[in-house]
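Take a moment with the sequence and the fold. The paragraphs that follow walk through them step by step.

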Amino acid sequence: MKKIVLIFTLFISVFTVFAQPTLIKGVLLSSNDGLPLPGGIIEEVGKKNMVSTNLEGEFEILMNLDKEACLEFAYMGFESKMVKITPDESYYKVSIAEITETMEIVINTGYDVKPERNIGCAGLGRIRYEDLKIEGIPQVKLKVQ
């Protein structure tokens, strides 16, 4: 009986050791000039695990390492890059390249300023100060309630 309990305990402890999340650290850099990229997005591929880089381009992400562990690095105006994560490394220095394609057409959209709009929403209305004149209530915000 003691052997069965011992084997069962060892079996459970092996699974809990493998299920421990690993802290992966690193820095996201521009491959053109080597400068850090603040606000870059690092996402664990296939999972809903995502972080962004700080002002120095550094990141930390907790993830469960398996055979398919992979991180995708993205930054606006740069090509995204996927890096396979291995259990023997915990710090990654990732460089991504700028997108060198130029745009052929740029469309600029703006909004007109109109004095009156018919929004058509029943929840909107106009309240004038004269409508809020209620004796005994000194503040306007209390009158609106």
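## A walk through the fold

Start at Thr53. Leaving aside neighbours within four places in sequence, Thr53 is in contact with Leu28, Leu37, Pro38, Gly39, Gly40, Ile42, Glu58 and Phe59. Thr53 sits in the loop between E3 and E4. Is this residue buried or exposed? Thr53 counts as buried, because its relative accessibility is 6% and the cut-off for buried is under 20%. Its side chain also reaches backbone nitrogens. A polar atom of the Thr53 side chain lies 2.9 Å from the backbone nitrogen of Gly39. For the backbone nitrogen of Gly40, the distance to a polar atom of that side chain is 2.7 Å.

Now step back to the whole chain. The model is a predicted one. The protein has 145 residues, and 19% of them are buried. Its secondary structure comes to two helices and seven strands. Along the sequence, the pattern reads α-β-β-β-β-β-β-β-α. The protein exposes about 12300 Å². Carbon and sulfur atoms supply 58% of that area. Contacts can also be sorted by sequence distance. Among contacts with a separation of 6 or more, 44% join residues 24 or more positions apart.

Next comes a sheet. In general, strands of a sheet pair through backbone hydrogen bonds, either parallel or antiparallel. In what order do the four strands of the open sheet lie? The order is E3-E2-E5-E6, and the pairing is antiparallel. Strand E3 (50–52) and strand E6 (81–84) are the edge strands, each pairing on one side only. From one strand to the next, the twist averages 20°. Look at one pair within this sheet. Strand E2 covers residues 41–44 and strand E5 covers residues 70–74. Four bridges join E2 and E5 in the antiparallel sense. Glu43 stands opposite Glu72 in E5.

Return to the loop that holds Thr53, which lies between E3 and E4. Gly57 also has its place in the loop between E3 and strand E4 (58–63). How accessible is Gly57, buried or exposed? Gly57 is buried, because its relative accessible area is 0%. Which residues does Gly57 touch, not counting those up to four places away in sequence? They are Gly26, Val27, Leu28, Pro36 and Leu37. Take Gly26 from that list. Gly57 and Gly26 are 31 residues apart along the chain, and their C-alpha atoms are separated by 8.4 Å. Leu28 and Leu37 are touched by Gly57, and both are also in contact with Thr53.

Finally, turn to charged side chains. How many salt bridges are there? The count comes to two. In one, the side chains of Glu60 and Lys25 meet, at 3.9 Å from N to O. Glu60 lies in strand E4 and Lys25 in strand E1 (residues 22–30), so this pair ties together parts that are 35 residues apart in sequence. Glu60 is partly exposed, with a relative accessible area of 46%. Lys25 is partly exposed as well, at 36%. In another salt bridge, the side chains of Glu44 and Lys47 meet at 3.8 Å, N to O. Here Glu44 is buried, with a relative accessible area of 6%, whereas Lys47 is partly exposed at 40%.

Notes
Residues numbered from 1 in each chain as written. Predicted model: local features only at pLDDT ≥ 70, side-chain atom pairs only at ≥ 80, totals over all residues. Heavy atoms only, no water. Pairing = 2+ DSSP bridges. Axes fitted to C-alpha atoms, helices over the stretch in contact; angles between N-to-C directions. Buried < 20%, exposed > 50% of the residue type's maximum accessible area, 1.4 Å probe, protein only. Contact = heavy atoms within 4.5 Å. Salt bridge = Lys/Arg side-chain N within 4 Å of Asp/Glu carboxyl O. Areas by Shrake-Rupley, 256 points an atom, 1.4 Å probe, with all protein chains shown as cover. Polar contact = N/O pair within 3.5 Å; in protein donor to acceptor, adjacent residues only side chain to side chain.
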